[in-house]
Structures are given as C-alpha cells and as structure tokens.
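Hello,

Here is the structure I said I would pass on. My notes follow below it.

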Amino acid sequence: QVQLVESGGGLVQAGGSLRLSCTASGSILRTNFMGWYRQAPGKQRELVAHITSGGGTNYADSVKGRFTISGDNAKNTVYLQMSSLKPEDTAVYYCNVVTSTVTTGVRSYWGQGTQVTVSS
C-alpha cells in the first residue's frame with residue numbers, strides 16, 4: 001500500500017502565494033507520475049499539473065505561468081508552488097501518484113485533499 005500525506009493548504013488573499021506538498025510512503029518501487037488535481041464546489045475534478053519521474057511537466061492552461069510543480073524522487077515528494085492566486089483557484093487540491101510497489105503493479109493513489117481558499 002501507498003500512503004499520501006498532503007500539507008500546505010489554507011486561506012490566502014488574491015495575489016498571494018501558497019505551497020502544497022505531498023509525500024508518498026510505502027514499499028514503492030518506481031513512481032511514474034506525481035501530480036495535483038483540484039475540485040471546486042459543483043465542478044468536476046480537474047488536472048492542475050503533473051510531473052514525470054524524468055522531470056517532464058504539464059500544466060492546465062488556467063495555471064500556466066502562475067503555478068510551478070516540482071518533485072524530489074529520493075523523497076517521493078511533489079510540490080506545487082502557487083503564485084498570483086485568484087479567487088477561482090479556490091478548491092480542494094488532491095495529490096495523485098502513479099506508482100508501483102513490491103506487491104502491486106502500477107496503480108494510481110490519491111491523497112485526502114487539502115483546501116485552498118483565495119479571498120478577493
């Protein structure tokens with residue numbers, strides 16, 4: 001099993017910054033992707049950004065130029081630096097990891113979610 005622990009959410013004013021982090025633990029063999037999704041009230045969960053084990057990144061158009069995803073493979077940790085935050089960034093942010101363990105094949109795991117609220 002893989003456990004994900006997220007931290008860093010909170011309340012911030014528009015234009016402010018927050019950094020989210022997510023650490024995966026367990027008998028991890030290899031991580032393929034680590035990323036962040038978000039879900040606002042009444043909306044579907046959407047991809048914010050993800051990063052591959054090789055460092056390749058992908059961002060939603062709505063966050064390009066404002067958010068930066070980075071990872072530490074040795075620590076199985078992914079970060080999301082969010083700057084120039086807007087009220088429309090308000091959502092629950094979920095960490096997602098696609099990885100394999102000593103007992104399983106490649107699977108997708110989700111964190112419990114962390115609330116980000118941006119006030120206008």
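Predicted model: local features only at pLDDT ≥ 70, side-chain atom pairs only at ≥ 80, totals over all residues.

Threonine 101 is placed in strand β9. With a relative accessible area of 3%, threonine 101 is buried. Its side chain makes a polar contact with the side chain of threonine 104, at 2.9 Å. Not counting residues up to four places away in sequence, threonine 101 touches Val2, Ser27, Ile28, Leu29 and Tyr109.

Next, another threonine. Threonine 99 is found in strand β9, which spans residues 91-101. Its relative accessible area is 0%, so threonine 99 counts as buried. The side chain of threonine 99 has a polar contact with the side chain of threonine 31, at 3.2 Å. Leaving aside neighbours within four places in sequence, threonine 99 is in contact with several residues, among them Val2, Ile28, Asn32, Val106 and Tyr109.

Now the disulfide. The structure holds 1. Cysteine 22 and cysteine 95 form it, with their sulfur atoms 2.1 Å apart. The torsion about the S-S bond is about -80°, so the disulfide is left-handed. Cysteine 22 lies in strand β3 and cysteine 95 in strand β9, so the pair ties together parts that are 73 residues apart in sequence. Both cysteine 22 and cysteine 95 are buried.

On to the core. In soluble globular proteins, nonpolar side chains tend to be buried together. Here, the largest nonpolar core has 30 residues. Those with the most contacts inside it are Trp36, Leu80, Met82 and Tyr93. The elements that give two or more residues to this core are β1 (2-7), β3 (18-26), β4, β5 (46-52), β7 (67-72), β8 (77-82), β9 and β11. What does leucine 80 contact, leaving aside its neighbours within four places in sequence? The list is Leu18, Arg19, Leu20, Trp36, Val48, Ala49, Phe67, Thr68, Ile69 and Tyr93.

Then the rings. The structure holds 1 aromatic pair. The rings of tyrosine 37 and tryptophan 110 have their centres 5.0 Å apart. Their planes are at 65°, and edge-to-face needs over 60, so the pair is edge-to-face. Tyrosine 37 lies in strand β4 (residues 28-39) and tryptophan 110 in strand β10 (residues 107-110), so this pair ties together parts that are 73 residues apart in sequence.

Arginine 45 is worth a look in the viewer. Its charged end sits over the ring of tyrosine 94, 3.7 Å from the ring centre. The charged end of arginine 45 also sits over the ring of tryptophan 110, 4.7 Å from that centre.

Last, glutamine 112. It is found in the loop between β10 and β11 (114-119). Glutamine 112 and leucine 4 are 108 residues apart in sequence, yet 7.7 Å apart in space, C-alpha to C-alpha. Leaving aside neighbours within four places in sequence, glutamine 112 is in contact with Leu4, Glu6 and Tyr94. Tyr94 is also the residue whose ring lies under the charged end of arginine 45.

Best regards

Technical notes: Residues numbered from 1 in each chain as written. Heavy atoms only, no water. Phe/Tyr/Trp six-rings, centres within 6.5 Å; stacked < 30°, edge-to-face > 60°. Helix = DSSP H or I, 4+ residues; strand = E, 2+ residues; numbered from the N terminus. Lys NZ or Arg CZ within 6 Å of the ring centre and 35° of its normal. Contact = heavy atoms within 4.5 Å. Buried < 20%, exposed > 50% of the residue type's maximum accessible area, 1.4 Å probe, protein only. Polar contact = N/O pair within 3.5 Å; in protein donor to acceptor, adjacent residues only side chain to side chain. Core = buried A, V, L, I, M, F, W, Y, C linked by side-chain atoms within 4.5 Å. Disulfide = S-S within 2.5 Å.
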